[in-house]
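Open the model in your viewer and keep the selection tool ready. The tour goes from one residue to the next.

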Amino acid sequence: MNREFLEKNGIDVAHGLELLGDMEMYNETISDFLEEQKTRIPALKEYKEQGDCENYAILAHAMKSDSKYLGFTKLIELAYAHELKGKENDIAFINDHFEELMEEANRIENVLKEYIEG
């Protein structure tokens, strides 16, 4: 596992280490994040399709919080915007910007999987 690989892919590992203490805890948190995403992504899609902004905002908040611990700067920003718009019941924003959120979430997932396997 190569920390520089994460940093080259726009992940603020130093920030994560400030919060989590060491690489062992950081790596454990990555595994937890990946596991959580397996249910979080389908649920976000479902809430979006149902127009359930309240539960959508809750999951976007969880994604933002988990991303903060790991230093996923862009994903933090995107998830936060979706959290706020969910709280405002702004389904138009959510629909218009959902793919952008999913693309970054998928990018992060792919980087993390490569990091773990590498």
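Select Glu 104. The accessible areas come from the Shrake-Rupley method with a 1.4 Å probe, and for residues only the protein chains shown count as cover.

Before moving on, note that this is a predicted model: local features need pLDDT of at least 70, side-chain atom pairs count only at pLDDT 80 or more, and totals for chains, interfaces and linings use all residues. Residues are numbered from 1 along each chain as its sequence is written, and side-chain values use heavy atoms, with hydrogens and water left out.

**Around Glu 104**

Glu 104 sits in helix 6. Helices here are DSSP runs of H or I with at least four residues, numbered from the N terminus. Now show the contacts of Glu 104, meaning heavy atoms within 4.5 Å. Leaving out residues up to four places away in sequence, Glu 104 touches Lys 74, Leu 75 and Leu 78.

A salt bridge is a side-chain nitrogen of Lys or Arg within 4 Å of a carboxyl oxygen of Asp or Glu. Both residues lie in helix 6, 3 residues apart, about one turn of the helix. Arg 107 counts as partly exposed, at 31% relative accessibility.

Draw a distance from Glu 104 to Glu 49. The two are 55 residues apart in sequence, and 20 Å separate their C-alpha atoms.

**Along helix 6**

Go to Glu 109. This residue also belongs to helix 6, which covers residues 91-117. Buried or exposed? Glu 109 is buried, with 13% relative accessible area. With residues up to four places away in sequence set aside, Glu 109 touches Leu 34, Gln 37 and Ile 41.

**Salt bridges**

How many salt bridges does a search of the whole structure find? The search finds 9.

Select Glu 83 and Lys 64. They form a salt bridge, with the closest N and O atoms 2.9 Å apart. Glu 83 lies in helix 5 (residues 73-87) and Lys 64 in helix 4 (residues 53-70), so the pair ties together parts that are 19 residues apart in sequence. Glu 83 is buried, with a relative accessible area of 3%. Lys 64 is buried as well, at 9%.

Jump to Arg 3 and Glu 7. Their side chains form a salt bridge at 2.8 Å, N to O. They are 4 residues apart in helix 1 (residues 3-8), so about one helical turn separates them. Arg 3 is partly exposed, at 32% relative accessibility. Glu 7 is partly exposed too, at 34%.

Select Ser 67, in helix 4. Ser 67 is buried, at 0% relative accessibility. Apart from neighbours within four places in sequence, Ser 67 is in contact with Phe 33, Phe 72, Leu 75 and Ile 76.

Now pick Glu 77, in helix 5. Glu 77 counts as exposed, at 52% relative accessibility. From Ser 67 to Glu 77 the separation is 10 residues in sequence and 9.5 Å in space, C-alpha to C-alpha.

**A loop stop**

Center on Asn 89, in the loop between helix 5 and helix 6. Check the backbone: phi of Asn 89 is near 60°, a positive value in a residue other than glycine. Most residues other than glycine have a negative phi. Asn 89 is exposed, with a relative accessible area of 56%.

**A charged patch**

Which residues form a negative surface patch? Select Asp 22, Glu 24, Glu 28, Asp 32 and Glu 36. Patches are made of residues with over 30% relative accessible area and no salt bridge, with like charges joined within 9 Å and nonpolar side chains (Val, Leu, Ile, Met, Phe, Trp, Tyr) within 5 Å. Asp and Glu count as negative, Lys and Arg as positive, while His and the chain ends are not counted. The place of a charge is taken as CG of Asp, CD of Glu, NZ of Lys or CZ of Arg.

Within this patch, zoom in on Glu 24. Glu 24 lies in helix 3 (residues 23-50). Glu 24 is exposed, at 62% relative accessibility.

How values were computed:
Helix = DSSP H or I, 4+ residues; strand = E, 2+ residues; numbered from the N terminus. Buried < 20%, exposed > 50% of the residue type's maximum accessible area, 1.4 Å probe, protein only.
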